[in-house]
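Me: I am new to this one. Can you walk me through it, question by question?

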Amino acid sequence: MSLVARHLESNGIPTVILGAARDIVTHCGVPRFAFVDFPLGNPGGKPYDRATQAAIAAAAIDLFETAAEPGTVVNLPHRWSDDESWRDGYFQVSEANVEALRRAGEERRAARAHLRATGQVRTE
């Protein structure tokens with residue numbers, strides 16, 4: 001997405017990236033980046049938390065007006081939880097869960113293959 005934003009910007013279309021992977025996004029040199037310290041894949045907040053989602057979206061949109069220079073990064077103040085315990089198990093692979101993770105991956109791949117075979121998702 002970061003590279004797409006750079007391409008759009010070079011063609012006169014302003015962009016704001018909203019994300020949680022600060023190192024990756026800043027490395028790509030996007031013009032405007034609203035950073036949230038949330039689990040990857042959840043930059044808009046928790047499901048059904050409309051107040052936080054609206055605040056994050058508003059802050060990202062405001063960045064169009066407030067970014068003073070290329071490469072502006074704004075750290076949004078929202079927190080995923082009251083403590084940082086969500087980090088303890090996030091993306092952790094161990095002997096205790098490796099088999100369950102393998103099975104879950106196989107099930108997801110089988111479900112996607114079924115959807116592709118029945119024309120319910122793009123094959124590109």
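Reply: Two strands pair if DSSP finds at least two bridges between them. Keep in mind that the model is predicted.

Me: How many bridges join E1 to strand E2?
Reply: Strand E2 covers residues 32-35 and runs parallel to E1. Ile17 has its bridge partner in E2, and that partner is Phe33. The number of bridges joining E1 to E2 is three.

Me: Which strands stand at the edges of the sheet?
Reply: The sheet is open, with its three strands in the order E1-E2-E3 and parallel pairing. An edge strand has a single partner strand, so one of its sides is left without a neighbour in the sheet. That describes E1 (17-19) and E3 (72-75).

Me: By what angle are neighbouring strands of this sheet turned against each other on average?
Reply: Direction is ignored for this value. The average is 20°.

Me: Which strands does H3 touch, and what angle does its direction make with that of E2?
Reply: H3 packs on the sheet. Its contacts there are with E1, E2 and E3. With the direction of E2, that of H3 makes about 160°.

Me: Why is the pair of Phe33 and Phe35 edge-to-face?
Reply: Planes over 60 degrees apart count as edge-to-face. The ring centres of Phe33 and Phe35 are 6.1 Å apart, and both residues are buried. Their planes stand at 65°, so the pair is edge-to-face.

Me: How many residues apart are Phe38 and Trp80?
Reply: Phe38 and Trp80 form an edge-to-face aromatic pair, 5.2 Å centre to centre. Phe38 sits in the loop between E2 and H3, and Trp80 in the loop between E3 and helix H4 (86-89). The pair links distant parts of the chain, and the separation is 42 residues.

Me: At what distance from the ring centre does Lys46 lie over the face of Trp80?
Reply: A charge sits over a ring only with NZ of Lys or CZ of Arg within 6 Å of the ring centre. Arg22 lies over the face of Phe35, at 3.9 Å. For Lys46 over Trp80, the distance is 5.4 Å.

Conventions: Residues are numbered from 1 along each chain as its sequence is written. This is a predicted model: local features need pLDDT of at least 70, side-chain atom pairs count only at pLDDT 80 or more; totals for chains, interfaces and linings use all residues. Side-chain values use heavy atoms; hydrogens and water are left out. Helices (H or I, at least four residues) and strands (E, at least two) are DSSP runs, numbered from the N terminus. Axes are lines fitted to C-alpha atoms, for helices over the stretch in contact, and angles run from 0 to 180 degrees between N-to-C directions. Contact means heavy atoms within 4.5 Å. Rings of Phe, Tyr and Trp (its six-membered ring) pair if their centres lie within 6.5 Å; planes under 30 degrees apart count as stacked, over 60 as edge-to-face and the rest as tilted. Buried means under 20% relative accessible area, exposed over 50%, partly exposed in between (1.4 Å probe, protein chains only). A charge sits over a ring if NZ of Lys or CZ of Arg is within 6 Å of the ring centre and within 35 degrees of the ring normal.
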